[in-house]
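Okay, everyone, thanks for coming.

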Amino acid sequence: RGIRGLRCLTPLLLLCLAGVAPAGERSFEFEAWEKRINERQPPEAVMKAIGLEPGMVVGEIGAGGGRMTVRLADRVGPGGKVYANDIDEEALEKLARRCEKEGLTNVEIIVGKVMDPLLPAGALDMVFMINVFHHAEDPVALVRNAIPALKPGGTLAIVECDPDKTGWDDHGCTGLEEMPPQLERAGYEMVRVETFLDQDNIFIARPK
């Protein structure tokens with residue numbers, strides 16, 4: 001049951017999702033997790049730090065169930081758009097239901113590949129990733145393959161846990177010294193790094 005390229009609220013997508021509802025217990029657990037992670041990574045502070053403005057077009061890699069997607073969509077407004085990418089179709093179905101519930105019509109679902117987000121060429125002002133980079137099978141290849149989707153002057157924004165701040169060495173977090181050379185290998189140059197979050201850093205880069 002593929003949902004590639006379908007917009008939230010389209011009749012076809014609603015038919016695809018008919019009869020599928022999240023279990024109450026799992027929904028409660030997700031809401032509790034979302035509350036905790038939002039305290040760690042306040043969405044408004046993150047969006048301000050990455051320079052997200054109304055009218056922008058954003059591609060979120062690893063959107064999952066949409067914790068940040070819905071906030072990005074609200075921030076860019078009806079004049080902007082969010083392409084929500086993931087390789088997990090079940091998570092994207094939950095995101096689509098969430099878009100429908102919250103009345104968001106500026107989100108488009110994209111089922112990607114492990115090393116290619118399949119974002120639309122030349123369409124994006126920003127590619128955004130949060131809690132995703134260190135989970136990717138090949139993060140360098142993944143962000144390299146996002147470059148064609150960026151408009152001239154477009155940016156890549158990554159929110160990534162810091163092993164020195166968290167002590168999570170076994171989580172594979174990418175720190176201040178490790179991220180810049182990885183992004184350089186992927187074809188980017190660092191614009192700036194924001195370090196104000198307690199457990200994470202925000203990396204802003206653009207294609208060379």
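First, the term: a salt bridge here is a side-chain nitrogen of Lys or Arg within 4 Å of a carboxyl oxygen of Asp or Glu. What you see is a predicted model, where local features need pLDDT of at least 70, side-chain atom pairs count only at pLDDT 80 or more, and totals for chains, interfaces and linings use all residues. Residues are numbered from 1 along each chain as its sequence is written, and side-chain values use heavy atoms, with hydrogens and water left out.

So, the structure has 10 salt bridges. One network of them links Glu34, Arg71, Arg98 and Glu102.

Lysine 35 and glutamate 39 bridge at 2.9 Å, N to O. They sit 4 residues apart in helix H2, so about one helical turn separates them. Lysine 35 is exposed at 54% relative accessible area, where exposed means over 50%, buried under 20%, and partly exposed in between (1.4 Å probe, protein chains only).

Then there's glutamate 108 with lysine 81, at 2.8 Å, N to O. Glutamate 108 is in strand E3 and lysine 81 in strand E2, so this bridge ties together parts 27 residues apart in sequence. Both glutamate 108 and lysine 81 are buried.

Last one: glutamate 184 meets lysine 208 at 3.9 Å, N to O. Glutamate 184 is in helix H8, while lysine 208 is in the segment after strand E7, 24 residues apart.

Conventions
Helix = DSSP H or I, 4+ residues; strand = E, 2+ residues; numbered from the N terminus.
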